[in-house]
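Subject: Structure handover

Hello,

Here is the structure I promised to pass on. Please open it first, then read my notes below.

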Amino acid sequence: MISVKKVNNKPLNLLERIYLWEIGRGLLVTMRHFFVNLFNPKGTVTVQYPEQMIPLAGNARLRTRHRLKVRADGSPKCVACFMCQTACPAYCIRIEAAEYPDNGVEKYPAVFDIDLSRCVMCGMCVEACPEDAIAMDTAEIPGGVETRQALLLTKESLLRNLPGEPSVTGAANRLANDYLRARGEE
Amino acid sequence: MPKLTIDGKAVEAAKGATLLEAAQQLGVYIPRYCYHPKLSVSGNCRMCLVEVEKTSKLVTACSTEAAEGMSVRTDSEKVKAARRDVLEFLLINHPLDCPICDQAGECGLQDYYMEYSLKKSRFPQGDKVTRQKRRALGPHLVLDNERCVLCTRCVRFCSEVTKTSELEVMERADHSFIDLKEGKSLDNDYSLNIADLCPVGAWTSRDFRFKSRVWFLKKTPTVCLGCATGCLIEAHHNENTVYRLVPRPNAETNTWLCDRGRMTYKAVQAGDRLAKGVIKNGLIDLEPALREAATRIDEQHAAAAVLGSPWLSIEDNAALARLAAEALKTENFCFDFSAEQGIKDGILVNKDPAPNTAGAGLVKAACGGLSLEEFSRRIADKRIKVVITEARAAAFIKDALKASGARLIVFAVNRAEIPPEAYATLPYASYFETPGTFVNYQGLKRRAEPAVEAKEGVKPLWAVVNKLAVYSGTSLRLDSAEDALKGINFR
């Protein structure tokens, strides 16, 4: 059953029916806010995004701008397995694989582009990654740019570690660890 | 002809057939790693274990001959448990480096694990035996011993098919690994078949290495145009790029594919691919190039000639025949190519390097034309002053052209094909981009299907011929490759 609420609207009086007076009254409210905010901007609730941002609560479930994690020697953790590109429902990831001559991991991304103008921030790439190489924990909300080109994240702009990384403990990739160990001994 | 039952279904197997083959006849799939229909039976992977009534142990289906009255079960609990356990053994030391393995997506270990096992590993990563990782062996292959399940398909292929015996299983038991024999190198003409044969990621192709993931690839059945053998192949491509060619095994012609045939796709994407016409040495748009070619033909209308090509499809040869008969109205045309045909190396490579000598012969039988000697003589005598042909076919009349200095107008796909004598070159779409019919050395008609789209402005040869005819004042009314065959009476 749909519940019905009866509203008793007051009949309009003469001034209200003339309309002009009420419009003027409404404009006065707008003007008051304008001048108050102009001379006392501290009271405004609007944030000047993207120049200003409200700090985000640290939340594990938060999905923000992507990043690619970096190993201790500066190489990307990503091995260009194309799992994220396969899982991506928005087709926004483009990878081109290349081969290391010396590193036992063999494979790395020569190109890793994320087109943020297509990205739907679903986090499937993070879920799909078998190497824990891609993350969406930079706490930056992308967008607010002047050109479409600025929304294309390249490998260089994606590679970054958060404080405390790279953490060697818990790294699962045997080949990468072997390689790093060998380099450390040299 | 023994009669037996497999999973309760009766089947009459051929004499000498194994249980695996009998099951295949019924449509019952038995998993296998070491078994291959064209290689000897090895029976080492134990993946094909089945239960036979009144035997004490499970038997390998690939090496047990079907016998009268056998009752075989491939779906009993015992068999399922055996498959799980065999997979566990095979996966004990597997490095699980699927993210960097090119086989991922078409890997026997991945597929069978999902189908028959789904069991958690009981062996920690740190306890696994490590072996040598990637190692380039030969010009086409990479070997990763850690991924190997020692099915020995590669060893048997090299000793039985190519008979070069480069590979061997070294050491014994748990220490075994595949390696090259001393003093050998893996450079036979069929080495890339090993990458196909390998059920896991131990052997992978150097050419295809890290180019694309296999699950992105689309498959188009087509035919190899590397020689007159005309092997059936499958072109694997994605987003208008061909990535690799693999054989389509068939009873008539081929199970394998030679390395040279596998590389034929490279010409399609090569940097010297023609998208424009060439006059002498300068690139020029297709339309002005066509106009120039048509002008040169019109200058010598009576002395123009058309030479077909054994590298072109029947349709395109027919279009050339109609250009000669209807547009040029000349009798100076020739589709007479004879070449010694037959398998050169005992496996696949043909003595005749052109794919359609027999097909050009069909056009000759239907349309007639001069013999190649007569054609050359007329060029040398300067009775023919302009020759229109395909770039590689120009080699047949090279000496005559040199002697007389007749103008040569060729159709070419790549710049490297253009003969130095050519005056004008017109681009056409390769047979990875346009359909065509070819006749192989056995007389079998083979259809090339387009896998990718040609670059903008590059048209199939019949369409270029059609335009050329229009520029010289006659319409052939060709709207498709099949139109070219109209009015030609094939016997």
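Into which domains is chain B divided? Chain B has domain 1 (3-86) and domain 2 (277-485). These bounds come from an automatic or database domain assignment. The C-alpha centres of the two domains of chain B lie 54 Å apart. For chain A, the assignment gives domain 1 (15-46) and domain 2 (67-166). Their C-alpha centres lie 48 Å apart.

Some ground rules before the rest. This is a predicted model, where local features need pLDDT of at least 70, side-chain atom pairs count only at pLDDT 80 or more, and totals for chains, interfaces and linings use all residues. Residues are numbered from 1 along each chain as its sequence is written, while chains are lettered from A and ligands numbered from 1 in the order in which they are written.

Where the chains touch

15 residues of chain A are in contact with 10 residues of chain B. Contact means that the C-beta atoms, placed from the backbone, lie within 7 Å. On the chain A side, strand S2 (93-99) and helix H6 (174-185) are the elements that give two or more residues. Helices (H or I, at least four residues) and strands (E, at least two) are DSSP runs, numbered from the N terminus. S2(A) gives the largest share, 3 residues. The chain A side divides into 8 nonpolar, 2 polar and 5 charged residues. Here Ala, Val, Leu, Ile, Met, Phe, Trp, Tyr, Cys and Pro count as nonpolar, Asp, Glu, Lys and Arg as charged, and the others, Gly among them, as polar.

A helix pair in chain B

Helix H2 (residues 77-91) and helix H3 (residues 108-117) of chain B pack at an angle of about 145°. Their axes are 10 Å apart. Axes are lines fitted to C-alpha atoms, for helices over the stretch in contact, and angles run from 0 to 180 degrees between N-to-C directions. From H2(B), the residues that meet H3(B) include Leu87(B), Leu90(B) and Leu91(B). On the H3(B) side, Tyr112(B), Tyr113(B) and Tyr116(B) are among them. This contact divides into 7 nonpolar, 1 polar and 2 charged residues.

A sheet in chain B

An open sheet of 7 strands has the order S15-S14-S20-S19-S18-S16-S17 (chain B), with mixed pairing. Strands pair if DSSP finds at least two bridges between them. Strand S15 (282-284) and strand S17 (333-334) of chain B stand at the edges, each with a single partner strand, so one side of each has no neighbour in the sheet. Strand S14 (residues 277-279) and strand S20 (residues 424-427) of chain B run antiparallel and are joined by 2 bridges. Ile279(B) stands opposite Ala424(B) in S20(B). Helix H9 (residues 314-328) of chain B lies across strand S16 (304-307) and S17, at about 160° to S16(B).

Most residues other than glycine have a negative phi, and most peptide bonds are trans. Three places depart from this.

- Tyr49(A) to Pro50(A) is a cis peptide bond, with omega near 5°. Pro50(A) sits in the loop between helix H2 (20-39) and strand S1 (67-68) of chain A.
- Tyr91(A) has a positive phi of about 50°. Tyr91(A) counts as exposed, because it has 10 C-beta neighbours inside 10 Å.
- Thr152(B) has a positive phi of about 65°. Thr152(B) counts as buried, because it has 22 such neighbours inside 10 Å.

The cut-offs are 20 or more other C-beta atoms within 10 Å for buried, 12 or fewer for exposed, and partly exposed in between, with C-beta atoms placed from the backbone.

Best wishes

Terms used: Contact = placed C-beta atoms within 7 Å.
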